[in-house]
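Here is a short report for a first look at this structure. Keep the sequence and the 3D view at hand.

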Amino acid sequence: MIVRKFMQWVQTASASQRADGASALARAYLYADLDGEQRQEAEQALTSLLDDASPLVRRALAESFASAAEAPHHIVLALADDQSDISSIVLGRSPLLTDSELIDCAAIGDAFAQSAIALRPRLSAPVAAAIAEVGGREAAISLAINPGADLPEFSMHRMIERFGDDGEMREALLSRPHLPAALLSDIVAATSKTLFAFVTNCNWMPTERAERAAREAREKANVIIAVSSEAEANGPQKLVAHLRASGQLTAGLVLRALLSGNMSLFEAALCELSGLPMSRVRGLTGDCMSAGFAALYRRAGLPEKLLPAFRAALEALRVCGHDYPGSARLSRQMVERVLTACESPNTALTDKLFAVLRRFEAEAAREEARLDTPTFLQETPVAPAIVFEHAEEESVPILDEEPVLVLTDIGEDLVASEDFGRTAPLVEIPAEIDPQPSFVIDFTALEAELLAA
């Protein structure tokens, strides 16, 4: 009787009143102690509200039933097919929707509805794969940042294929933990391709130079990725197989890996290219000067003219080890030994290959300077300097034991003094210099100039 009166009231109530009534009836259906007949009448009334012309009413139903496991399934499914601002409420939360229903809704829904599905607290692999395949950019980004999504590796590769030129998409994927090495390589390749297109379109550098810079950046990044892949089971082998399939497994990459001390990537590349087992490859690379290694090298299809460079790199690695174990940095010592070995009269390398080795040498030197300079500065103490406008005492008390430079205007001659004790002698400064009281000067930067003056 109460439900029938509710249906009569709905005929004359305003949209906002009908929305409040729909919400109240839905709560009564879920939580009130209704008998069988009353429950059936309430469900019939709620079903009729699906045809209400006002979206406020249908939205009220969606908000009431979104998280309820006891909600009528047909009502939830109908709301999931409503306009996106209503459907997204149930698509994002309802436990009643099955994987097949979610996949169907993702196929016909807009970006808003797809994103609501992608952000569900728990998302199965089939639904995630469907969104990765047919979802829009916003839905793919939502899927990537959802820690509750069971996102298969092949789906992440597909997302890179579809939206790899989008920086937000790449950043979203990188936010996921424990990404496979092959996927990281794809992200690097997509980034490189995007930057190459941007640089060439802006005419910032010639196409040939941009291509070389992009290729070398990809190779360097893949060597870095290979280092992290060693924590995975057969990680280097999987990465090498992916690089070969994507056309990135080049002789330059293999040589860079070896000159960086990465034997795992080098041996995995020889296994992949030659088809021989790892145990056999390791045995042959142990004696790099033997005919067996030369046969392995040729079977792998690597350039014949680079054989002396690979042999010299293996010999240098055996004798000297790697400068930075566990790093992807090029070893300057190894590169120099390879250059020396390849400059012998019995070795014939083309100018192009020599140029590659010279670029490796320059890169190693710059990286060495870039990383070693901060260490050098930390090891070299920087003395503070104190400037006094006028000198009235023969010495100035110093509060610590560090060397101190004190400048005053008591004379025309400039003399720099340094003292490690509790006091430091006063130093004369030319009259044309007008120092400010308590102005601190970097002693290291000024010491040479002051002494020269």
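Buried means under 20% relative accessible area, exposed means over 50%, and partly exposed lies in between (1.4 Å probe, protein chains only). This is a predicted model: local features need pLDDT of at least 70, side-chain atom pairs count only at pLDDT 80 or more, and totals for chains, interfaces and linings use all residues. Residues are numbered from 1 along each chain as its sequence is written, and side-chain values use heavy atoms, with hydrogens and water left out.

| Residue | Relative accessible area | Class |
|---|---|---|
| Cys-202 | 31% | partly exposed |
| Cys-288 | 5% | buried |
| Arg-209 | 54% | exposed |
| Leu-179 | 12% | buried |

Take the cysteines next. How many disulfides does a search of the whole structure find? It finds zero. A disulfide here is a pair of cysteine sulfur atoms within 2.5 Å.

Now the charges. Arg-209, Arg-212, Arg-215 and Lys-352 form a patch of positive charge on the surface. Patch residues have over 30% relative accessible area and no salt bridge, and like charges are joined within 9 Å. A salt bridge is a side-chain nitrogen of Lys or Arg within 4 Å of a carboxyl oxygen of Asp or Glu. Helix H14 (residues 207-229) gives the patch its largest share, three residues. Arg-209 sits in helix H14. Helices are DSSP runs (H or I) of at least four residues, numbered from the N terminus.

Last, a loop. Leu-179 lies between helix H12 (167-174) and helix H13 (181-201). From Leu-179 to Ser-229 the C-alpha distance is 9.8 Å, across 50 residues of sequence.

Definitions and conventions: Patches are made of residues with over 30% relative accessible area and no salt bridge: like charges are joined within 9 Å, nonpolar side chains (Val, Leu, Ile, Met, Phe, Trp, Tyr) within 5 Å. Accessible areas come from the Shrake-Rupley method with a 1.4 Å probe; for residues, only the protein chains shown count as cover. Lys and Arg count as positive and Asp and Glu as negative; His and the chain ends are not counted. The place of a charge is taken as NZ of Lys, CZ of Arg, CG of Asp or CD of Glu. Helices (H or I, at least four residues) and strands (E, at least two) are DSSP runs, numbered from the N terminus.
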